[in-house]
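Me: I have a structure to go through with you. Could we take it one feature at a time?

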Amino acid sequence: MHSVEVTNLNKFYGRFQALTDINLALEEGEFVVMVGPSGCGKSTLLRTIAGLEDSADGEIYVKGREVSRLPARDRGLAMVFQNYALYPHMTVAENMGFALRLAKRPKAEIAAAVQHAAETLQLTNLLDKKPRHLSGGQRQRVAIGRAITRAPDVFLFDEPLSNLDAALRAQMRIELTALHRSLGASMIYVTHDQVEAMTMADRIVLLRDGVIEQVGKPLDLYNKPDNIFVAGFLGSPKTNFFAVTVTDVSDGKIRIAFGHDHQIEFAASTFHADLPVTGARLTAGVRPEHFWLDRHPQQHEGACFDCEIVLEERLGRETVLYARSARLQPEGTEQPYIVIHRNVQSEFAPGEHAQVGFDPAAVCLFAEDGKAIRWSLDSKPTQSTL
């Protein structure tokens with residue numbers, strides 16, 4: 001049985017359609033993260049599941065029970081908001097037990113639930129304090145504790161870490177992941193932060209314009225994006241995209257022109273769909289970490305391109321470089337820079353020239369409609385210079 005199941009869900013604000021044909025199933029005990037650009041519908045979907053927004057049509061099930069027309073309080077869900085929503089005049093203990101007091105639960109039961117939540121979240125020494133005496137991270141723990149005391153079927157998180165600084169967000173990511181493992185509960189988590197999505201999720205739901213673009217494990221979306229949008233959205237620095245052309249499809253091979261004088265050759269048998277035809281215009285995606293940069297290109301296989309280092313971002317143990325090449329220019333950018341990520345402190349400097357190349361096995365291909373063209377990595381493509 002799915003802990004949450006959404007089928008054929010649509011949501012309108014007047015004539016504007018915020019969600020379109022949403023179908024999603026959450027397995028028992030799964031941590032699902034919904035991510036996407038601002039305005040994509042991720043918070044709207046979460047609030048609709050919670051019962052805080054009405055849907056135009058479709059069904060929502062929680063533990064096999066249809067809840068689409070039930071009020072939020074009767075759905076068996078607990079939601080943690082971005083702004084904490086704590087009562088300033090109540091203590092930590094009173095805030096965490098408030099929902100149980102409203103439900104007129106016995107005092108002993110409330111006290112036991114609050115104590116259990118406080119021990120889980122390391123808040124036992126703060127139970128008598130008011131929210132104004134707490135840090136941002138502690139307030140967020142109290143908000144999570146209030147959800148835990150309700151013992152919900154599913155936890156819902158709406159960008160709960162957005163108000164915290166970078167160091168505290170990193171700490172809370174670890175704590176939330178540990179909490180999920182200790183509770184074994186189903187959780188749906190909304191964020192705009194790719195790091196949170198990649199590091200915390202069992203599965204990612206990536207939305208755009210109210211439509212689910214792809215659902216899967218984090219590394220599946222990263223390594224095998226369904227379309228250009230997914231490839232471009234996930235990953236920082238972003239994927240480099242290049243316009244390429246199919247130059248030949250014959251003798252069981254496909255040759256694709258990449259740059260002004262560089263071709264990659266694929267075995268036709270490795271493609272999982274209809275073969276692109278000669279002359280077809282495709283888009284190739286290469287992630288920044290799949291480029292190499294060197295003063296001695298003979299140490300690497302395949303063709304290479306001369307480039308000029310335009311800018312470098314030194315991040316300590318890693319470096320992001322922006323390079324410009326007359327022979328290999330990214331697609332659709334006003335400033336055609338190749339973005340290169342290196343897990344070392346760079347020895348290159350702006351204005352310096354070097355040779356750049358990439359791993360051909362890591363190339364993602366996309367058709368004119370933006371959909372991915374699948375091919376097998378079992379047979380590594382070869383590259384040759386014309």
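Predicted model: local features only at pLDDT ≥ 70, side-chain atom pairs only at ≥ 80, totals over all residues.

Me: In which sense do strand 3 and strand 8 pair, and over how many bridges?

Reply: Strand 3, residues 31–35, and strand 8, residues 186–191, run parallel in their pairing, with five bridges between them.

Me: And the whole sheet: what is the order of the strands?

Reply: The order is 6-7-8-3-9-10, which makes six strands in an open sheet. The pairing is mixed.

Me: Which strands stand at the edges?

Reply: Those are strand 6 and strand 10, the latter being residues 211–216. Each has a single partner strand, so one side of each has no neighbour in the sheet. From one strand to the next, the twist averages 20 degrees.

Me: Which strands does helix 1 lie across?

Reply: Helix 1, residues 42–50, lies across strand 3, strand 6, strand 7, strand 8 and strand 9. Its direction is at about 145 degrees to strand 8.

Me: What about helix 4: which strands does it lie across?

Reply: Helix 4 lies across strand 6 and strand 7, and runs at about 175 degrees to strand 6.

Me: Now the helix pair. At what angle do helix 2 and helix 4 cross?

Reply: Their axes cross at roughly 35 degrees and come within 8 Å. The crossing of helix 2 and helix 4 is right-handed.

Me: Which residues make that contact?

Reply: Helix 2 contributes Val 92, Asn 95, Met 96 and Leu 100, while helix 4 contributes Val 142, Gly 145, Arg 146 and Thr 149. By class, the contact of helix 2 with helix 4 has four nonpolar residues, three polar and one charged.

Me: Changing topic: how much space lies in the largest pocket?

Reply: The largest pocket holds about 610 Å³. It is lined by 20 residues, of which Leu 77, Ala 78, Met 79, Ala 99 and Arg 150 are the closest to its centre.

Me: Which helix gives the most to that lining?

Reply: Helix 2 does, with four residues in the lining of the largest pocket. Strand 6 (77–80), helix 2 (92–102) and helix 4 (136–149) each supply at least two residues.

Me: And how does the lining of the largest pocket divide by class: how many nonpolar, polar and charged?

Reply: There are 16 nonpolar and four charged residues in that lining, and no polar ones.

How values were computed:
Residues numbered from 1 in each chain as written. Heavy atoms only, no water. 1 Å grid on protein atoms, 1.4 Å probe; cavity = no way out; pocket = protein on both sides within 12 Å on 5 of 7 lines; lining within 4 Å. Points joined across faces, edges and corners; volume = space filled by probe spheres on them. Nonpolar A, V, L, I, M, F, W, Y, C, P; charged D, E, K, R; others polar. Pairing = 2+ DSSP bridges. Axes fitted to C-alpha atoms, helices over the stretch in contact; angles between N-to-C directions. Contact = heavy atoms within 4.5 Å. Left-handed = near helix turned anticlockwise from the far one by under 90°.
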